[in-house]
Amino acid sequence: SELLELAEKMPKAELHLHIEGSLEPELVFKLAKRNNVRLNYASVDELKAAYSFNNLQEFLDVYYAGMSVLLTEDDFYDLTWAYLKRVHEDRVVHVEIFFDPQAHLERGVPLSIQLAGIHGALEAGKATLGISYRLILSFLRHLSEESALETLQLARPYLNQLDGFGLDSSEKGHPPEKFARVFAECKKLGKPITVHAGEEGPPEYVWQALDQLEVDRIDHGNRALEDDALVQRLVATGQTLTVCPLSNLKLCVVDSMQDHPLVTMLEKGLKATVNSDDPAYFGGYMMDNYRAVIDQLPLTREHLHQLARNAFAGSWLSEADKKKHL
Ligand code: HPA
Ligand code: ZN
């Protein structure tokens, strides 16, 4: 369709992508073999059969199992390079990606190894594919404040390779305020912050992210729609929401794509964007997400332009670089 062609040809930015969530089943098996890691799945098909989730936690259990094959610098490089090559086909020209260092530190993989691979591939992608990037260190909210603070200490020698900080993993029972002191430290470093809030957790978690963490973006934010005063606040302050349609469908945040609030968000003046979250697990990359919402929602040309503009405007590019895209 005409809308699909427009979505394909627009230069796009992806702001919500967990690099470990781009680990395709085929690469899981290749790396398992390379590293002599035993998997609890006999084949690619058996692994893929496990990709059926009723909620966030069921997904996270499979996500952490999948990433257990990531051990060497080459593994992190190959993972990141595969993602960049794939989204280049979708005309993604800027990416702001998360990685979960604590999940790899737990397996004995030093931060230096993780970063050498991820950052090396990001630099190669910039040089050969023309994809600009920001790299976001994301803390795991199911772990303690102390663990997050230790991780931040470990990161201090690498701050030149880290563009911001995030918060992900099991949301319910782990409100943003649990990490108020951690993110205050991040702010002191002069880095932007973004936290997952209102995916499964209540509007109260989005308020905390704004008032206690002073975030620069909200990841997901779907449940903000339950609170009119919160919507007003997000609109008035021009907060970017990094929305993930296929993720929301696969994790049962919405019952069907027809029920997805993306258009409602735009109509209310919220700065929503389209992102893939964990594309290897949720059924697709940037264009798969656009295709799903174009198929199932009453999107217009103007909405598509708005979505693309929102992503560049809400990115952490310099004002001069944003202007080139807006
Ligand atoms: N939500 C929370 N944590 C995550 C996600 C998500 O969608 N993806 C990877 N870690
Ligand atoms: Zn996410």
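Me: Why are H1 and H15 called roughly antiparallel to each other?

Reply: In this predicted model, the axes of helix H1 (residues 2-9) and helix H15 (residues 286-296) cross at roughly 155 degrees. Angles over 145 degrees count as roughly antiparallel. H1 and H15 are therefore roughly antiparallel. Their axes come within 10 Å, and the crossing is right-handed.

Me: Which residues make the contact of H1 and H15?

Reply: H1 brings Leu3, Leu4, Ala7 and Glu8. H15 brings Met287, Tyr290, Arg291 and Ile294. By class, this contact has 6 nonpolar, no polar and 2 charged residues.

Me: What makes H8 roughly parallel to H9?

Reply: Look at the angle again. The axes of helix H8 (residues 145-155) and helix H9 (residues 180-188) cross at roughly 20 degrees and come within 9 Å. Angles under 35 degrees count as roughly parallel, so H8 is roughly parallel to H9. H8 passes H9 in a left-handed crossing.

Me: Which residues of H8 and H9 meet?

Reply: Glu145, Ala148, Leu149 and Leu152 are on the H8 side. Arg181, Val182 and Glu185 are on the H9 side. The classes come to 4 nonpolar, no polar and 3 charged residues.

Me: How do you know that the chain agrees with a compact globule?

Reply: Set the value against the rule. For 326 residues, a compact globule would have a radius of gyration near 20 Å. The chain has 18 Å, which agrees. Along its principal axes, the C-alpha trace spans about 50 × 45 × 40 Å. The chain has 17 helices and 8 strands.

Me: What surrounds ligand 1?

Reply: The shell around ligand 1 includes His18, Gly21, Leu56 and Tyr63. Asp168, Ser169, His196 and Glu199 also surround ligand 1. So do Ser247, Asp277 and Asp278.

Me: How many residues of each class are in the shell around ligand 1?

Reply: The shell has 2 nonpolar, 5 polar and 4 charged residues. Leu56 is one of the residues around ligand 1, and Leu counts as nonpolar. Asp168 is also there, and Asp counts as charged.

Notes:
Residues are numbered from 1 along each chain as its sequence is written. Chains are lettered from A and ligands numbered from 1 in the order in which they are written. This is a predicted model: local features need pLDDT of at least 70, side-chain atom pairs count only at pLDDT 80 or more; totals for chains, interfaces and linings use all residues. Axes are lines fitted to C-alpha atoms, for helices over the stretch in contact, and angles run from 0 to 180 degrees between N-to-C directions. Helices (H or I, at least four residues) and strands (E, at least two) are DSSP runs, numbered from the N terminus. Angles under 35 degrees count as roughly parallel, over 145 as roughly antiparallel, 65 to 115 as roughly perpendicular and the rest as oblique. A crossing is left-handed if the near helix is turned anticlockwise from the far one by less than a right angle, and right-handed if clockwise. Two residues are in contact if their C-beta atoms, placed from the backbone, lie within 7 Å. A residue is near a molecule or strand if its C-beta atom, placed from the backbone, lies within 6 Å of it. The radius of gyration is taken over C-alpha atoms; the globule rule is 2.2 Å times the number of residues to the power 0.38.
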